[in-house]
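Welcome! Here is a short tour for someone opening this model for the first time.

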Amino acid sequence: MASQHQTPTAHHEPSFPWQYVIGYVLSLVLTVIPLWLVLDHVLTPTPLTIGILFCAVLQIFVQLFMFMHFTHGDGSGEPAYQTVVLSIGFFFTVVFAGASIWIMSFSSQVQ
Amino acid sequence: MTTLAHNNVEHHHGAGDHVHVDYPERPIEYQTQDGALKILGFWVFLATDLILFACLFATFIVLRTHTDGGPTGKELFDVPIFTAETLILLTSSFTGGLATFEMHRGHRNRVIGWLIITALLGLSFVGLEVNEFVHMAMEGATMQRSAFLSAFFTLVGTHGCHVSLGILWMTGIIIQLFQRGITPITARKVYIVNMYWHFLDVVWVFLFTIVYLMGVM
Amino acid sequence: MNTVPHWGIFITEPMILGSDVMIVLTSVAIVFALTKFKKWGWLWREWLTTVDHKKIGIMYMIAALLMLFRGGVDAELMRTQLALPNLSFLDAEHYDEIFTTHGTIMILFMAMPFVFALFNIVVPLQIGARDVAFPYLNAISFWLFFFGAFLMNISFVIGGSPDAGWTSYPPLSELGFSNGPGQNYYLLALQISGIGSIATGINFLVTILKMRAPGMTLWRMPLFTWSVLATSILILFAFPALTIALALLLLDRTLGTHFFTMLHGGNPMMFINLFWIWGHPEVYIVILPAFGVFSEVISTFSRKATFGYGSMVFALVAISIVGFLTWVHHFFTMGAGADVNTFFAIATMVIAIPTGVKVFNWLFTMYRGRIRMTLPMMWAVAFIPCFAIGGATGVMLAVAPADYQYHNSYFLIAHFHQVLIGGTVFGMIAGMYYWWPKMFGFLLDERLGKWAFWFFNIGFYVCFLPQYALGLMGMTRRIYTYPAGLGWTVPNFISTIGAYLMGIGFLFIVWQVIYSVKYGERDVTGDPWDGRTLEWSLPSPAPHYNFATIPTIEGRDAWWMAKQGQLDKNAFLPKKSDIKPIHMPKNSGRPFILSICFFIIGIGLVFGVVPFDVIGGLGVAFCMFRRSFEYDTDYYIPVDEVIHTESALGRLQG
Ligand code: HEM
Ligand SMILES: [Cu+2]
């Protein structure tokens with residue numbers, strides 16, 4: 001038998017993967033809702049866009065928190081730096097995409 | 001596949017494979033200092049990869065109306081297909097998560113099983129996508145046709161390349177799990193490849209929403 | 001072509017031929033020397049396969065100095081052509097190539113590696129680490145940079161240089177208008193080295209966050225390390241935009257897509273937008289490390305802690321965030337509308353505030369300090385007025401309506417040289433002088449260094465101040481000649497004189513280095529400047545494992561406090577009983593080989609040779625798989641060896 005410290009530790013994990021199952025169900029729900037919204041034409045374009053984008057944002061949270069251990073540290077007691085780094089990443093994602101649309105919106109007039 | 005039968009062989013290591021553990025009290029993927037560094041490093045990489053996609057998305061959104069009289073998204077996108085792609089990828093993200101879960105419980109064979117399922121789902125996703133692309137191209141909707149199509153193929157294709165790379169990578173890790181079992185090193189690899197996989201799911205959700213759903217709106 | 005005086009062509013051809021011959025001869029000489037002195041093995045073992053951050057840093061620095069030379073020659077050629085009206089020393093075509101390679105090389109292949117050189121040489125030593133977080137990746141970064149730079153440089157000899165400016169704007173840079181391989185060289189060279197830069201950003205961010213010595217909290221970190229942290233953030237979030245801009249342009253050129261073409265709905269302005277999403281942060285990527293150097297140098301040579309440490313850190317972080325919100329100031333004239341221009345003009349001006357805070361803090365650090373005018377300090381002091389002028393003209397450019405006048409004129413050229421030379425180059429030279437003894441164990445000669453300093457500084461103002469005037473007189477950038485009678489002749493001539501003076505200054509630095517190798521004062525203490533931070537507690541050069549035992553840090557500038565008797569100085573020396581086997585990464589030749597494979601892909605894409613792409617691609621894949629299956633990546637230095645090394649250095653305690 002391998003020495004004790006090499007035995008994978010089973011801590012933190014319950015016997016049934018509840019977290020993953022709930023995450024999966026949520027992600028399915030969050031896919032079906034926007035699909036339904038779009039296909040059934042229940043909303044006018046602007047609220048529809050906002051609605052489906054909102055679902056997408058919730059989906060990110062599902063992946064990050066239910067699957068990716070987004071806020072878990074490495075056990076060293078230091079902060080989970082990835083939370084900060086990736087949050088900055090999301091911020092710049094919105095800035096670059098949003099600002100590019102704003103900046104380039106002139107071209108729709110030029111065309 | 002005799003190794004599959006014995007759970008207790010799982011903690012044996014390949015020849016000469018003595019893993020030095022720095023922090024036995026931590027979750028297995030973080031037990032070596034190197035593991036902790038690499039996982040954080042990979043998070044940081046994901047943040048830059050996110051910006052990569054952000055720029056592709058920005059380009060796509062700016063150019064999505066520039067169809068030059070050619071086919072539009074509404075004409076090209078097929079709801080059942082992209083819905084199937086989405087469901088497959090979401091499911092594979094779930095099965096990948098289950099691999100991490102089993103890894104923490106020390107069941108090597110289950111980890112391998114879930115990873116194989118994940119990779120196969122990934123493969124079918126890529127298959128569907130390639131098929132979709134070929135169909136479009138046959139209808140004359142090539143990436144040379146218009147700025148919109150250039151942006152579409154590049155954005156979706158970049159994601160597809162990421163997924164394909166992930167499948168190859170996962171295959172390599174599955175082999176290493178067979179060879180070495182769950183050690184702090186292989187555990188770190190399983191953990192990281194799944195981070196990557198979940199991340200690709202995040203990106204896909206936006207492709208689904210911004211490219212496809214808004215395209216057929 | 002026919003408008004160009006004919007003998008210009010003859011000058012052009014011999015020049016290319018000449019550089020061809022030079023390169024071949026140098027290569028032959030190197031191969032010969034290595035064989036004669038049986039140094040191939042040494043080169044491979046000690047340098048090409050090294051993963052030691054100190055050696056990688058030195059290689060970055062040598063590469064940066066070589067590229068400074070190459071870019072400098074470009075500059076002297078351009079200034080010679082512009083010295084007087086209607087010269088035909090260079091023809092239009094050749095001039096275009098030269099300003100393109102000059103700009104590209106100076107930013108991507110001089111400033112970037114110089115910055116990375118200091119990252120590598122200093123950061124692990126300053127935070128008490130034995131290497132960076134990912135030493136193997138670090139080697140990959142270097143070799144990707146190296147082969148990227150190589151690709152850029154051979155364009156001059158094989159196939160022709162890019163000639164659409166370092167910004168490479170479409171539609172000019174599209175296939176229809178630049179159909180030779182030149183533009184492909186640019187795209188691939190930047191792409192390959194850019195991957196390396198992103199990896200460096202990741203590497204140093206993780207190093208700084210996770211590998212600090214015990215007790216070194218973020219608030220005890222030296223300001224240079226803080227500047228590297230801020231720069232890493234900039235790299236991480238800026239470089240992907242460049243990657244995309246280049247990739248899409250390459251797709252346009254190779255696969256016939258229509259991102260930036262004038263046909264089928266393409267939009268060239270989107271390239272410019274993406275380029276500057278990276279481009280503006282990039283100027284901060286090369287300036288923030290210089291700020292870090294100045295903080296270290298000024299506080300060391302004023303014998304005072306940096307004034308306003310907290311505000312210095314805050315300013316760095318503020319710059320690295322707000323620096324992402326200003327990019328449109330490079331294309332105000334695109335006409336995105338008053339609202340867009342106003343937002344970005346204001347954001348640009350806001351950056352001047354934290355920058356100003358830093359300048360005042362440096363001044364207050366010097367105030368009432370016991371100042372020693374060493375070489376690094378001279379460059380640091382010279383930086384302040386130079387950068388102040390550059391910042392002020394920057395704010396002038398940031399006034400969007402006024403920029404319609406300044407844009408793409410020599411006023412702009414003068415602005416960015418003032419900040420890039422007066423900031424980045426001065427900073428890198430100051431850093432090089434300051435850490436030179438730590439790298440090599442000897443100091444650079446003061447007397448020759450002073451000649452270099454004065455030639456370079458006087459030359460700088462003589463060269464660039466007239467260009468502000470020229471800009472206001474209407475001289476636009478990127479013109480290869482101008483008619484007489486516009487009043488431009490005298491300022492241009494003066495400017496050229498200044499450029500030559502700077503060239504002489506550079507030659508003095510070269511002489512100084514060569515002279516000092518032989519005659520320079522040896523650094524036996526490891527602390528030649530009476531420094532404040534951890535690297536000065538080590539011998540010069542540091543042993544390859546850096547710290548035999550990792551000290552516990554109990555304050556900011558802990559080494560200085562120890563020397564003042566506020567902390568225990570012995571805590572910085574290893575005790576025999578504390579020494580344990582040291583865990584180190586093994587050398588590897590794979591980063592080098594992997595980068596060659598990237599280079600082969602690059603060549604394949606430049607010339608459209610598909611087999612090259614396939615071979616290179618398979619090579620890359622093979623290298624990555626080998627790495628993934630490699631488990632024997634590190635080793636332990638036995639205690640005896642460490643004890644032996646440390647006692648030979650006279651550092652070991654009972
Ligand atoms: C107070 C700080 C600064 C301000 C307000 C500022 C402002 C500006 C503006 C508005 C432009 C565009 C002008 C035009 O194209 O018409 C510009 C160009 C430029 N700046 Fe600055 N700048 C500042 C600092 C810096 C620094 C620190 C650097 C580099 C170390 C730098 C490098 C450049 C470069 C390279 C360009 C021209 C790029 C090109 O078109 O080729 N600037 N600056
Ligand atoms: Cu700028």
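Predicted model: local features only at pLDDT ≥ 70, side-chain atom pairs only at ≥ 80, totals over all residues.

Residues are numbered from 1 along each chain as its sequence is written, chains are lettered from A and ligands numbered from 1 in the order in which they are written, and side-chain values use heavy atoms, with hydrogens and water left out.

**Chain C as a whole**

- Chain C holds 19 helices and two strands; helices (H or I, at least four residues) and strands (E, at least two) are DSSP runs, numbered from the N terminus.
- With a radius of gyration of 25 Å, close to the 26 Å that the globule rule gives for 654 residues, chain C is as compact as a globular protein of that length. The radius is taken over C-alpha atoms, and the rule is 2.2 Å times the number of residues to the power 0.38.
- Along the principal axes, the C-alpha atoms of chain C fill a box of roughly 80 × 60 × 50 Å.

**The metal site**

- Donors are N, O and S atoms within 2.8 Å of the metal (3.2 Å for Na, K and Ca), and sites may look incomplete because water is not among the atoms.
- His415(C) sits in helix H13 (residues 410-440) of chain C.
- The copper ion (ligand 2) is 4.5 Å from the iron atom of ligand 1.

**Backbone details in chain C**

- Pro170(C) and Pro171(C) are joined by a cis peptide bond, with omega about 5°; Pro171(C) belongs to the loop between helix H5 (135-154) and H6.
- Another cis peptide bond links Ser540(C) and Pro541(C), with omega about -15°, and Pro541(C) is in the loop between helix H15 (489-519) and helix H16 (558-563).
- Asn408(C) has a positive phi, near 55°, though it is not glycine; this residue lies in the loop between helix H12 (400-406) and H13.

**Where chain C meets chain A**

- The contact (heavy atoms within 4.5 Å) takes 23 residues from chain C and 17 residues from chain A.
- About 1,800 Å² is buried between these chains, 78% of it on carbon and sulfur atoms. Buried area is the accessible area (1.4 Å probe) that two parts lose on being put together, summed over both.
- Leu209(C), Lys210(C) and Phe237(C) supply 28% of the area that chain C buries against chain A, more than any other three residues.
- Two salt bridges cross this interface, where a salt bridge is a side-chain nitrogen of Lys or Arg within 4 Å of a carboxyl oxygen of Asp or Glu. Lys210(C) and Asp74(A) form a salt bridge at 2.6 Å, N to O.

**Where chain B meets chain A**

- Here 60 residues of chain B are in contact with 60 residues of chain A.
- The area buried between chain B and chain A is about 5,200 Å², and carbon and sulfur atoms give 76% of it.
- Helix H2 (33-63), helix H4 (79-105) and helix H7 (184-216) of chain B each supply at least two residues of the side that touches chain A; H4(B) gives the most, with 16 residues.
- The rule finds zero salt bridges between chain B and chain A.
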